[in-house]
Amino acid sequence: MDETEFWELIDATREAAEGDPEEQADLLVDRLLQLDPEMILDFARHFEARYNRAYRWDLWGAACVLLDGASDDAFDYFRCWLIGQGREVFEGALHAPDTLADLLEDFDEEIDGDGEELGYAADEAYEQLTGAVAPDLGIEPAPAEPEGTPVDFENEAVLAELYPNLWDRFRG
């Protein structure tokens, strides 16, 4: 599976789920079950690589504004959700996290921002298909600390300054 096929699966399942991350995860498992085990592992590698790329302080700060706070777990689930939003939103957020204010047409605080189940979709599909736990993906693990300069998540003035568009739209 190449990068284009990865993003096509993400986009197709997001659209079919009408943006509901839990439904998207279920649809993703269904779609992955139609592939062979090695393709599922390729998907998992693509997902994990992007998940690790998004382990950044600036993106965590943006998640804090968007979600009105983000613990370690909440940021993990946010990164899964961000991947589930598709290539344009994901890459845009990595390039400039404050642009999430423009990249997200709708944001429902009840369901958006938490894509925990998306993070398990490949493992679940692999296990259902083979009866075995997915092997190690053979990719470099995430760094111990997020990349970049730490952000003071408790300081609203700092968050408003760093993320003016997100702040105005979601907290202002």
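A patch, as the word is used in this tour, is made of residues with over 30% relative accessible area and no salt bridge, with like charges joined within 9 Å and nonpolar side chains (Val, Leu, Ile, Met, Phe, Trp, Tyr) joined within 5 Å. The structure on screen is a predicted model, in which local features need pLDDT of at least 70 and side-chain atom pairs count only at pLDDT 80 or more, whereas totals for chains, interfaces and linings use all residues. Residues are numbered from 1 along each chain as its sequence is written, and side-chain values use heavy atoms, with hydrogens and water left out.

**Stop 1: the negative patch**

Begin by selecting Glu18, Glu22, Glu23, Asp26, Asp30, Asp114, Glu117, Asp123, Glu124 and Glu127, which gather on the surface in a patch of negative charge. Asp and Glu count as negative and Lys and Arg as positive, while His and the chain ends are not counted; the place of a charge is taken as CG of Asp, CD of Glu, NZ of Lys or CZ of Arg. Accessible areas come from the Shrake-Rupley method with a 1.4 Å probe, and for residues only the protein chains shown count as cover.

Helix H2 (21–32) and helix H8 (121–130) each supply at least two residues of the negative patch, and H2 gives the most, with 4 residues.

Within H2, pick aspartate 30, which counts as partly exposed at 44% relative accessibility; buried means under 20% relative accessible area, exposed over 50%, and partly exposed in between (1.4 Å probe, protein chains only). Glutamate 23 also lies in helix H2 and is partly exposed, with a relative accessible area of 36%. Drawing a distance from glutamate 23 to leucine 118 gives 9.4 Å, C-alpha to C-alpha, for two residues 95 apart in sequence.

Now move to glutamate 18, in the loop between H1 and H2, which is exposed, with a relative accessible area of 74%. Most residues other than glycine have a negative phi, but phi of glutamate 18 is positive, near 50°.

**Stop 2: the salt bridges**

Side chains of opposite charge can pair when their charged atoms come close. With a salt bridge taken as a side-chain nitrogen of Lys or Arg within 4 Å of a carboxyl oxygen of Asp or Glu, the count comes to 10 salt bridges.

Select arginine 50 and glutamate 3, whose side chains meet in a salt bridge (2.9 Å, N to O). This pair links distant parts of the chain, with arginine 50 in helix H3 and glutamate 3 in helix H1, 47 residues apart. Arginine 50 is buried, with a relative accessible area of 8%, whereas glutamate 3 is partly exposed at 28%.

Arginine 87 lies in helix H6 and glutamate 3 in helix H1, so the pair ties together parts that are 84 residues apart in sequence. Arginine 87 is partly exposed, with a relative accessible area of 34%.

Next, show arginine 171 and aspartate 68, whose side chains meet in a salt bridge (3.0 Å, N to O). Arginine 171 is in helix H10 (residues 164–171) and aspartate 68 in the loop between H4 and H5, and the pair links these distant parts of the chain, 103 residues apart. At 23% relative accessibility arginine 171 counts as partly exposed, while aspartate 68, at 56%, counts as exposed.

Keep aspartate 68 selected for its backbone, where phi is positive at about 60° although the residue is not a glycine.

**Stop 3: helix H6 and its cover**

Select helix H6 (residues 87–95), in which Val89, Phe90, Gly92, Ala93 and Leu94 are buried. What covers these buried residues includes helix H1 (3–16), helix H3 (37–53), helix H4 (57–67), helix H5 (72–84) and helix H7 (100–103).

**Stop 4: arginine 45**

Finally, follow helix H3 to arginine 45, which is partly exposed, with a relative accessible area of 24%. Leaving aside neighbours within four places in sequence, arginine 45 is in contact (heavy atoms within 4.5 Å) with Glu38, Leu137 and Ile139. The C-alpha atoms of arginine 45 and leucine 137 are separated by 6.2 Å, although the two residues are 92 apart along the chain.
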